[in-house]
Amino acid sequence: MSSNHSVSGEEARRHKVEGPQKHIVAFILSLALTIIAFAAVAAGDINTTFTYIILVLMAIIQVFVQLAFWMHMKDRGHLFPIICIVAGVFVVFMMVIMAVYWLWW
Amino acid sequence: MSAHGHVEGQLPHEPEKATLEGRNKILGFWIFLGAEVVLFGTLFSAFIALRHQVLDGPHASELFELPTVFAATMILLTSSLMSVFAVQAMHKNQVKSMIWWLVLTVLLGLSFLVLEIVEFNTYVSEGHRMNTSAFSSSFYTLVGFHGGHVLFGVLWISLLIAQIFKKGLTVVTAPKIYLSAIYWHFIDVVWVFIFTVVYLMGKVG
């Protein structure tokens, strides 16, 4: 292996390897969102509709955090994964609405 | 690895994307995950539509115990972080620490499974069986299916650790490690919806 090549490889390595900070931040964020959701339910005496809104909000934020950081969706070149997941979520929304609508309205 | 001429002592940066095969695997895996979203969505829609049909069995708010669910959530969240660290160790070509992070991931996944089995056992002893009501059937199908995914992930990552011992970290094995981490995060994402929709909303009523 030529030394020239290994130097440029080393440079690229130093350039692009990301530290663990972002992932620890994502972890702490997920932790906080989880604790808020559980605390809202454990507190008990809050208005039911309000609790539902808190729960749904916390879940959606946490899923975005985890998709973006841990599944690398914020990185470049991830258009295709985003299309896949969005298409899946689209079908899921239709199914949930359909199932609830058919049975209860 | 004679088939990959440039791998001689040193891996390329981001070895999981270094070959066309690796990139294709990642692409295909995302199609699979899109299908998994739909699959879990069908189970969720059945559960959401049927969750109040308890017949003679216990209602969700009497059944679920939040401390157990909270512990399971913490375990799965931490194991997700461990697999992030495994991929980061892989990018730095530190095979030993990568293996340790993977072992931690597997151990946490196993303890999640143990907790879930104990939990289901308690529910069955309280008269909440698979055939008790529409609620219990859809509950066990949804949560059990997620547990099945965790079991598969544990087996898969264990086999990958064995393969790393045998073949080392190469451009062939690196995409597998990367994808197993993506899969593990996906399981964690599904669990976010399970603890929100099934357990917390069940507890609220």
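Predicted model: local features only at pLDDT ≥ 70, side-chain atom pairs only at ≥ 80, totals over all residues.
**Chain B as a whole**

Chain B is built from 6 helices and 0 strands, and from the N terminus on its elements run α-α-α-α-α-α. Its C-alpha atoms fill a box of roughly 65 × 30 × 25 Å along the principal axes. Of the 205 residues in chain B, 55% are buried. When contacts between residues at least 6 apart in the sequence of chain B are considered, 80% of them join residues at least 24 apart. The accessible surface of this chain comes to about 8300 Å², and carbon and sulfur atoms account for 68% of that surface. Chain B also carries 11 positive and 12 negative side chains, with the centres of the two sets lying 11 Å apart.

**The nonpolar cores**

The largest nonpolar core has 86 residues, and B:Phe139, B:Trp191 and B:Tyr199 are those with the most contacts inside it. Helix α6 of chain B, which covers residues 174-204, gives the most to this core, contributing 21 residues. Chain A takes part as well, since the core draws at least three residues from each of domain 1 (3-74) and domain 2 (76-105) of that chain. A second, separate core of 9 residues includes A:Phe27 and A:Val65 together with B:Leu77 and B:Leu81.

Which residues does B:Tyr199 contact, leaving aside its neighbours within four places in sequence? Among them are B:Phe64, B:Val69, B:Glu119 and B:Tyr123, and the list also includes B:Phe139 and B:Trp191.

A:Gln66 is found in helix α3 (residues 48-69) of chain A. Not counting residues up to four places away in sequence, A:Gln66 touches A:Ser30 and A:Met71 in chain A, and in chain B it touches B:Leu77, B:His185, B:Asp188, B:Val189 and B:Val192. The relative accessible area of A:Gln66 is 1%, so this residue is buried.

A:His72 lies in the loop between α3 and α4 (79-104) of chain A, whereas B:Leu55 is found in the loop between α1 (20-50) and α2 (60-63) of chain B. Their values are set out below.

Conventions
Residues numbered from 1 in each chain as written. Chains lettered and ligands numbered in written order. Heavy atoms only, no water. Helix = DSSP H or I, 4+ residues; strand = E, 2+ residues; numbered from the N terminus. Buried < 20%, exposed > 50% of the residue type's maximum accessible area, 1.4 Å probe, protein only. Contact = heavy atoms within 4.5 Å. Areas by Shrake-Rupley, 256 points an atom, 1.4 Å probe, with all protein chains shown as cover. Lys, Arg positive; Asp, Glu negative; His and termini not counted. Charge placed at Lys NZ, Arg CZ, Asp CG, Glu CD. Core = buried A, V, L, I, M, F, W, Y, C linked by side-chain atoms within 4.5 Å. Domains from an automatic or database assignment.
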